[in-house]
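Here is a short report on one protein model.

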Amino acid sequence: MGNASSSRTTINHRETRSSIEKSSLSPPPSSSSLAVLPASPLLEVGGTTEQSFQRNQTLKRATSLDGFSTCLNESFRRIYSSLSCTSLTSSTPKKRQPSNQTNRRPWSRISRRRWNDSALADDRLRTRTCWPVTHAESLFLPQFPIDCHAERRFIVDEYIAKGAFGKVYRVRRVNDDQDHQDFALKVLSKSEIINGNAIRQLKDEVDIQTICGHHPFLAKCIDYWQSKKKVFLLSNYYSNGELFQKFAKYPFELVRLYIAEIALALDFLHQAGVIYRDLKPENVLLDQDHHIRLIDFGLSKWLSIGSRTRTICGTLQYMGKTSF
């Protein structure tokens, strides 16, 4: 009997050892399989206390990782659904509800290229945009569109003269080798215009030259725009220069012709409700046919019939003593 019991004990020890070796050689269970296992102690399955402790730790780690990944995915889903236009849970796109405020756009939709009058009138709307419209730019809008790259389309050939707020250059278009057409580009400083309180004066000058420039004895403003610091006025270039440079002994018939052309130009302006107020030989140019062209409408003003103005303006060299 003793031999039989000892043989049974040896067989049981061998079976236990083989089961332990099999459990040690088997691959570790996955996180999905561990999540299904109960949280009961592993002593009932078989094995030592150290192996059961390791299995409990692995089970807790896998459970905690799965819970953390689930919470992280849910948080990302909530954040993305709040930022996106449509919710992730909805498979079909929602129909837009009709709104009564269709003409009003949010601040982020008011840009430099598509501004509106409300953004220019309100400082808060003007600054809180994707492309903020600065105060120096809003002062010259909407008459002067914003174009920071238009100056690059011209090449400066010659400096012509200097005015009260800037300089005048003779320019031509880039890659214009066939026509060879010259233009006069007036570059004005915004800071000097604002300090001189001449913003309204500049806008009137552009409006007068644009509206009345079709007259044969007036210089027309072809284009105008603004950048961050400058204002640009583009007009035709007249190669024969100023009448002041041509002072000589003119024949009586030519003097009479020039006086008649100047009178016709001034009468046309008066009929349009404009007073010129800066007539001098420097502002009278001669075109390619030697006819006159009045330029520089900086001191011109819109004046209705029956109204009067008492502003003393002009050039001192051509003003009489009675003006003082």
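## Largest pocket

This is a predicted model. Its largest pocket is lined by 40 residues. A161, V168, K186, I295 and D296 lie nearest the pocket centre. The space inside comes to about 1100 Å³.

Which elements give two or more residues to this lining? They are β1, β2 (166-173), β3, α8 (199-212) and β5. Sorted by class, the lining holds 20 nonpolar residues, 10 polar ones and 10 charged ones.

## The sheet

Five strands make up an open sheet. Their order is β1-β2-β3-β5-β4, and the pairing is antiparallel. The edges are β1 (154-162) and β4 (221-226), each of which pairs on one side only. On average, neighbouring strands are turned by 25 degrees against each other, direction ignored.

Strands of a sheet pair through backbone hydrogen bonds, either parallel or antiparallel. Here, strand β3 covers residues 182-189 and strand β5 covers residues 230-236. Seven bridges join these two strands, which run antiparallel.

## The chain as a whole

The protein chain has nine helices and nine strands. It contains 324 residues, and 28% of them count as buried.

Technical notes:
Residues numbered from 1 in each chain as written. Predicted model: local features only at pLDDT ≥ 70, side-chain atom pairs only at ≥ 80, totals over all residues. Heavy atoms only, no water. Pairing = 2+ DSSP bridges. Helix = DSSP H or I, 4+ residues; strand = E, 2+ residues; numbered from the N terminus. Axes fitted to C-alpha atoms, helices over the stretch in contact; angles between N-to-C directions. 1 Å grid on protein atoms, 1.4 Å probe; cavity = no way out; pocket = protein on both sides within 12 Å on 5 of 7 lines; lining within 4 Å. Points joined across faces, edges and corners; volume = space filled by probe spheres on them. Nonpolar A, V, L, I, M, F, W, Y, C, P; charged D, E, K, R; others polar. Buried < 20%, exposed > 50% of the residue type's maximum accessible area, 1.4 Å probe, protein only.
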